[in-house]
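Colleague: I have a model open and would like to go through it with you. Could you take my questions one at a time?

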Amino acid sequence: ARLLEAADLARSQLRRQGDEMRAPGTKARRTRATLLQAAYRSFVSAGYHATSVEDIRTAAGVSLGTFYQYFRDKADVITTLVAEAILDAADLLFPDLSALSTRDGPRTIVENYIRHYAATAAFQAVWEEASHHEESVARFRREVGQVIESTLAEQIAAGQRAGTVRATVDPKEAARALAG
């Protein structure tokens, strides 16, 4: 819930207008989406460090001022992209984890997680790279990792109580391995 709240806040789509933050209209939502798409493509093709705000705004076809109406810097953009991805994949990444108490539940959850990771591997690499360059991104990545690990550990323990996960598995170590 904490992670989804943080992601939802990043998705709030407020934009700067002078000294105020305002909710966007239709055109502003399209502009923001265009900036995010351009950033995603730029990050995935060139990497985080090699992509500049100028690259993003050029790819989006907007002015530098327009970029700064929506984002403080490229760290803000990558954090927003990650938050959007978390919200878009929430059902897959955070399914009804009570499925761990069923016979095939643990396998299904792990397979879904691995499929999602494989499908988004290029962006996952960018996120990891960004976390080495930007403290705010690293902090967000640690928070995401902690939430995923603690949730997995709780559910692995629940699976053990239900008899669907081996009792010899250390829930914290297994969760750390899966989240890593």
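Modeller: Let me start with the aromatic rings: F67, Y68 and F71 form one aromatic cluster. This is a predicted model, in which local features need pLDDT of at least 70, side-chain atom pairs count only at pLDDT 80 or more, and totals for chains, interfaces and linings use all residues. Residues are numbered from 1 along each chain as its sequence is written, and side-chain values use heavy atoms, with hydrogens and water left out.

Colleague: How is the pair of F67 and F71 classed?

Modeller: Rings of Phe, Tyr and Trp (its six-membered ring) pair if their centres lie within 6.5 Å, and planes under 30 degrees apart count as stacked, over 60 as edge-to-face and the rest as tilted. The ring centres of F67 and F71 are 5.8 Å apart with the planes at 45°, so this pair is tilted.

Colleague: What is the angle between the planes of F43 and Y48?

Modeller: By the ring rule, the count comes to 4 aromatic pairs. F43 and Y48 form a tilted one, at 5.3 Å centre to centre, and the angle between their planes is 35°.

Colleague: Is F43 buried or exposed?

Modeller: Buried means under 20% relative accessible area, exposed over 50%, and partly exposed in between (1.4 Å probe, protein chains only). F43 has a relative accessibility of 0%, so F43 counts as buried.

Colleague: Where is T51 found?

Modeller: T51 has a relative accessible area of 2%, so T51 is buried. Contact means heavy atoms within 4.5 Å, and T51 touches S42, F43, A46, I56 and K74, not counting residues up to four places away in sequence. Its place is the loop between α2 (26-46) and α3 (53-60).

Colleague: Which element supplies the largest share of the lining of the largest pocket?

Modeller: On a 1 Å grid over the protein atoms alone, a pocket is an open set of points where a 1.4 Å probe fits, with protein on both sides within 12 Å along at least five of seven lines, and lining residues have an atom within 4 Å of a point. The largest pocket is lined by 31 residues, with V82, I86, H116, Q124 and W127 nearest its centre. The largest share of that lining, 6 residues, comes from α5.

Colleague: How far apart are the C-alpha atoms of V169 and I156?

Modeller: V169 sits in the loop between α9 and α10. V169 is in contact with I156, Q160 and A174, leaving aside neighbours within four places in sequence. V169 and I156 are 13 residues apart along the chain, and their C-alpha atoms are separated by 8.5 Å.

Colleague: How many helices and strands does the protein chain have?

Modeller: From the N terminus on, the elements run α-β-β-α-α-α-α-α-α-α-α-α. The secondary structure comes to 10 helices and 2 strands.

Definitions and conventions:
Helices (H or I, at least four residues) and strands (E, at least two) are DSSP runs, numbered from the N terminus.
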